[in-house]
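Look at the fold first, then read on.

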Amino acid sequence: MASSAAPSLPHIRLLATGGTIAGAQTTGGRGYQAGKFSIDALVAAVPQLATLARLDVEQVAAIGSQDMSEAVWLKLAARTQAALDTPDIAGAVITHGTDTMEETAFFLNLVVRAEKPVVLVGAMRPATAISADGPMNLYNAIAVAGRPAARGRGVLVVANDEIHFAREIAKTDTTQVGTFNSGHRGLAGLVNAGRLHLYAPPVRRHTAQSEFSLDGVAALPRVDIVYAHAGMGRELIDATVRAGARGLVIAGVGDGNLGAVPLAAAAEAAKAGVAVVRSSRTGGGVVERNIEVDDDKFGFIAADELNPQKARVLLMLGLTRTREVRALQEMFFAY
Ligand code: SIN
């Protein structure tokens, strides 16, 4: 569908993938199904969008983001790049479930080549809920994507009147509307009923300066995440290696740590050629090299500031370019 807004307004491509923003309550009770409404229906529910942009829409997927996969990422990246390569298009907005939004946003942040704004948007309440948050989030996302000031800041996420960088954002609450948090480095800005307040640009490499390319990439290498805990054994680490993982991200305790038994399993995995990244399950802070774990001796990679799910995204893309541990470590310092 193409909108009938004035031709002087920015032209925005709206790519839909589903999520709670397109969710419908089925019984009138607490339950709902994500991804039920088409993107045309979501746009029709917010006629004020016509004052912000000329929209055209594309339904790329219609899933809850718990079903987001590498195959959909590859398709979404291609469709986003095609939109941004269209001269008349000023930016792209992607509707997405909040559960894995941070992973998709970071993936696109690393593979999309453009200065034009790319903004992901979701909602915590389904479209049929009392006080649904989707319509204002969508309005704000389109306002951000249409503004030249939002260019060159990498992929952004808009929700709850906040603008987040793809690298920093994490979902931190199961149900609250203010679920997204950008930790130590903080917000990209605020957006109040379409009015932007942008803060400092991102510090790490992204989009136009990224080295990653999906040209010729039909599938991404398998990378698994193993969650560490008190009393942990080695079985899960051994299982990922047996299953053919080329990379392993440890959601380590504290500073990316592992007990002696799983540490020995991880060291064996690294020796066998699996790229092992130490991240942290704490939700904040930096995992540095060689603090309590001798990364040099074991051949490990420290995740720096990335949480386990984002470390997995970077490691998958890193492994499309190299298996060399030092080169992979440099990527974790650069992105
Ligand atoms: C999903 O991620 O698709 C479900 C949850 C949400 O969008 O808030």
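Q: How far apart do the C-alpha centres of domain 1 and domain 2 lie?
A: This model is predicted. The domain assignment gives domain 1 as 11-209 and domain 2 as 223-334. Their C-alpha centres lie apart by 29 Å.

Q: How much area do domain 1 and domain 2 bury between them?
A: In contact are 17 residues of domain 1 and 16 residues of domain 2. Carbon and sulfur atoms carry 55% of the buried area. The total is about 1,300 Å².

Q: How many salt bridges does the rule find across the interface of domain 1 and domain 2?
A: The cut-off is 4 Å between a side-chain nitrogen of Lys or Arg and a carboxyl oxygen of Asp or Glu. With that rule, the count across the interface is five.

Q: Which element gives the most to the side of domain 1 that touches domain 2?
A: Across this interface, 13 residue pairs are in polar contact, both residues at pLDDT 80 or more. On the side of domain 1, the elements giving two or more residues are α2 and α3. The top giver, with six residues, is α3.

Q: What span does helix α2 reach from its first C-alpha to its last?
A: Helix α2 covers residues 70-84, which is 15 residues. At 1.5 Å a residue, the expected value is close to the one found. The helix reaches 21 Å.

Q: Which helices do the buried residues of α2 pack against?
A: The buried residues of α2 include Val-72, Trp-73, Leu-76 and Leu-84. The strands they pack against are β1, β2, β3 and β4. The helices are α3 (101-111) and α8 (308-319).

Key. Residues numbered from 1 in each chain as written. Predicted model: local features only at pLDDT ≥ 70, side-chain atom pairs only at ≥ 80, totals over all residues. Heavy atoms only, no water. Helix = DSSP H or I, 4+ residues; strand = E, 2+ residues; numbered from the N terminus. Expected span 1.5 Å × (residues − 1). Buried < 20%, exposed > 50% of the residue type's maximum accessible area, 1.4 Å probe, protein only. Contact = heavy atoms within 4.5 Å. Domains from an automatic or database assignment. Buried area = accessible area lost by both parts, 1.4 Å probe. Polar contact = N/O pair within 3.5 Å; in protein donor to acceptor, adjacent residues only side chain to side chain.
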